[in-house]
Amino acid sequence: MKKTVLYDDGNIQWVVFGRDSSKPDSIIDTNEYLVQCQDETILIDPGGVEIFPNVLTAVSEHVELNTIKAFLCSHQDPDIMSSLPLWMALTPDAKIYLSWLWEGFVSHFGNEFSSNFVQIPDEGLQLTLGQSSFQLVPAHHLHSAGNFHLFDPCSGILFTGDVGAALLPVDHGMFVEDFEAHTQFMEKFHLRWMPSNSAKDIWLNRVRKLGVKMICPQHGAIFKGENVEKFFDWFDDLELGKLKRAS
Ligand SMILES: [Fe+2]
Ligand SMILES: [Fe+2]
């Protein structure tokens, strides 16, 4: 897996793992994010069971596994978190941050770690790691009914789950270079998976006030610099929720 350090101020470090060239083609490519703060680590959307060995190898080459104190699952999809039971066998004390809406469903993966869940209320939560605080930002219906993103006020990084996702070739770089050319890889995904214009409007209104410097989606490439605002504008203009009859 490719590893890219996105931010490091000596206190907080963000790393993304992705572009797993050894994964089967039938499995959608995902980005797994690691945030380390002092000696504590959170894994964000740790990924699916199929890629667990590769993610585990990449993560354990970067941090000691006993520093992993928490997982954030932005929502319930298998590519987000079907590896969780395997992770919990290695880090049995780690907390699992997840929307309250999904706990009863996700417990079907294994009820033995249900006491590790931290239910995120609909309005969000402050998450503390080391001595730093992160914001769990509501993103409901984008695309899941109970969905959260994570904002780091120090780095200005906003992790956005499936918002901003793009389906890219595995040799594509980790950052968006040409925004206008990149939209072709995002448009169909957002039109199909994001069901609600009003959910989009509420989210945009919320995140545009945060001072975002980098948008980090769970699939595809990362937006930074002027591409952050370009993404917000592009998403704003996209008309969601128009169903076509399946043929
Ligand atoms: Fe999803
Ligand atoms: Fe996804």
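A residue is called buried if 20 or more other C-beta atoms lie within 10 Å of its own, exposed if 12 or fewer, and partly exposed in between, with C-beta atoms placed from the backbone. The structure is a predicted model, in which local features need pLDDT of at least 70, side-chain atom pairs count only at pLDDT 80 or more, and totals for chains, interfaces and linings use all residues. Residues are numbered from 1 along each chain as its sequence is written, while chains are lettered from A and ligands numbered from 1 in the order in which they are written.

**Exercise 1. Burial and backbone at Asp 45**

Determine whether Asp 45 is buried or exposed, and describe its backbone.

Solution.
Step 1. Asp 45 has 26 other C-beta atoms within 10 Å, and it is therefore buried.
Step 2. Asp 45 lies in the loop between β4 and α1 (52–62); helices (H or I, at least four residues) and strands (E, at least two) are DSSP runs, numbered from the N terminus.
Step 3. Its phi is near 50 degrees, a positive value in a residue other than glycine.
Step 4. Arg 19 also has a positive phi, of about 50 degrees, although it is not a glycine. This residue is found in the loop between β2 (12–18) and β3 (32–37), and it counts as buried because it has 21 C-beta neighbours inside 10 Å.

**Exercise 2. Strand β3 and its partners**

State how many residues of β3 are buried, and identify the strands with which β3 pairs.

Solution.
Step 1. Six of the six residues of β3 are buried.
Step 2. Glu 32, Leu 34 and Gln 36 point one way from the strand, and Tyr 33, Val 35 and Cys 37 point the other way. In a regular strand the side chains alternate between the two faces of the sheet.
Step 3. Two strands pair if DSSP finds at least two bridges between them. β2 and β3 pair in the antiparallel sense over six bridges, and Ile 12 has Cys 37 as its bridge partner in β3.
Step 4. β3 and β4 run antiparallel and are joined by five bridges; here Cys 37 is partnered by Glu 40 of β4.
Step 5. The hairpin of β3 and β4 has two residues between the strands, and Gln 38 takes a positive phi near 50 degrees in it.

**Exercise 3. The surroundings of Ile 44**

Locate Ile 44 and list its contacts beyond four places in sequence.

Solution.
Step 1. Ile 44 belongs to strand β4 (residues 40–44).
Step 2. With 25 other C-beta atoms within 10 Å, Ile 44 is buried.
Step 3. Two residues are in contact if their C-beta atoms, placed from the backbone, lie within 7 Å. Leaving aside neighbours within four places in sequence, Ile 44 is in contact with Tyr 33, Val 35, Leu 72, Leu 150 and Phe 159.

**Exercise 4. The open sheet**

Give the strand order of the six-stranded open sheet and trace the pairing around β9.

Solution.
Step 1. The order is β8-β9-β10-β11-β12-β13, with mixed pairing. The edge strands, each pairing on one side only, are β8 (125–129) and β13 (223–224).
Step 2. β8 and β9 run antiparallel and share five bridges; Leu 125 has Leu 136 as its bridge partner in β9.
Step 3. β9 is joined by four bridges to the antiparallel strand β10 (residues 148–152), and Leu 136 stands opposite Leu 150 in β10.
Step 4. Gly 130 takes a positive phi near 55 degrees in the hairpin of β8 and β9, which has two residues between the strands.
Step 5. In the loop between β9 and β10 lies His 143; the peptide bond from Leu 142 to His 143 is cis, with omega near 0 degrees.

**Exercise 5. The two sides of helix α7**

Explain why the buried residues of α7 lie on the same side.

Solution.
Step 1. The buried residues in α7 (residues 197–207) are Ala 199, Lys 200, Trp 203 and Val 207.
Step 2. They cover an arc of only 100 degrees around the axis, which puts them on the same side of α7; the arc is that of the directions from the helix axis to the C-beta atoms.
Step 3. The face turned away from the buried side carries the exposed residues Ser 198 and Asn 205.
Step 4. What covers the buried residues of α7 includes β9 (132–138), β11 (157–159) and α8 (226–237).
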